[in-house]
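The following paragraphs guide the reader through a protein model, from its overall layout to selected local details. Please keep the sequence and the three-dimensional view at hand.

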Amino acid sequence: MLKKLFIIMVSGLILTSCAGTTKQNAGGSIEAGSQEDLIVNVGDRVFFEFDSFELTVDAQSTLDAQAAWLKQYSDVAITIEGHADERGTREYNIALGAKRANIVSNYLMDAGIDAGRMNTLSYGKERPDVVGSTESAWSQNRRAVTTVN
């Protein structure tokens, strides 16, 4: 009986010591509250339909998870980058990217995240994630990305 109690106590101590500031993944440890933590455990981007800044159900789900993550790491500040695909003029896509970044920021504020922790930025079509003139590439470039400052 004492042996079982000892094993339980040692197991508890080991588990407690593992609950530090890093999380484990297949490649090693991830610093809690970091960009990598956000990407791996929550998701750092949401996607939009063509010529739209309306949040999809999937986008809202990702943003709900981001809001929970941001509440957990209340000292983390973020920048929300708005992006567009290559179609349209530079000026139009800068404006569309700004609308996408702002809708994400507003959603997170409505979820309880302080506006002072967020900055928005539009890259328009200037920083594609996927190069190419196909629907597949365009769909990956119509996005808002949350980055940890």
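The protein contains five helices and six strands, where helices (H or I, at least four residues) and strands (E, at least two) are DSSP runs numbered from the N terminus. Along the sequence these elements follow the pattern α-β-β-α-β-α-β-α-β-α-β. The model is predicted: local features need pLDDT of at least 70 and side-chain atom pairs count only at pLDDT 80 or more, while totals for chains, interfaces and linings use all residues. Residues are numbered from 1 along each chain as its sequence is written, and side-chain values use heavy atoms, with hydrogens and water left out.

Of the 149 residues, 34% count as buried; buried means under 20% relative accessible area, exposed over 50% and partly exposed in between, with a 1.4 Å probe and protein chains only. Among contacts between residues at least 6 apart in sequence, 69% join residues at least 24 apart, a contact being heavy atoms within 4.5 Å.

Helix α3 (residues 57-72) packs against helix α4 (residues 90-110) at an angle of about 55°, and their axes are 10 Å apart. Axes are lines fitted to C-alpha atoms, for helices over the stretch in contact, and angles run from 0 to 180 degrees between N-to-C directions. The two helices are therefore oblique to each other: angles under 35 degrees count as roughly parallel, over 145 as roughly antiparallel, 65 to 115 as roughly perpendicular and the rest as oblique. Q60, L63, D64, Q66, A67 and L70 of α3 make the contact with V104, Y107 and L108 of α4. These residues divide into six nonpolar, two polar and one charged; Ala, Val, Leu, Ile, Met, Phe, Trp, Tyr, Cys and Pro count as nonpolar, Asp, Glu, Lys and Arg as charged, and the others, Gly among them, as polar.

Two loop residues complete the account. T89 lies in the loop between β4 (78-83) and α4, and T89 is partly exposed, with a relative accessible area of 45%. Its side chain reaches the backbone nitrogen of Y92 at 3.0 Å. The C-alpha atoms of T89 and K125 are separated by 8.8 Å, although the two residues are 36 residues apart along the chain.

E49 is located in the loop between β3 (45-47) and α3. Not counting residues up to four places away in sequence, E49 touches T56, R100 and R142. Its C-alpha atom is separated by 7.3 Å from that of S139, 90 residues apart along the chain.

Technical notes:
A polar contact is a pair of N or O atoms within 3.5 Å; within protein, one must be able to donate a hydrogen and the other to accept it, and residues adjacent in sequence count only if both atoms are side-chain atoms.
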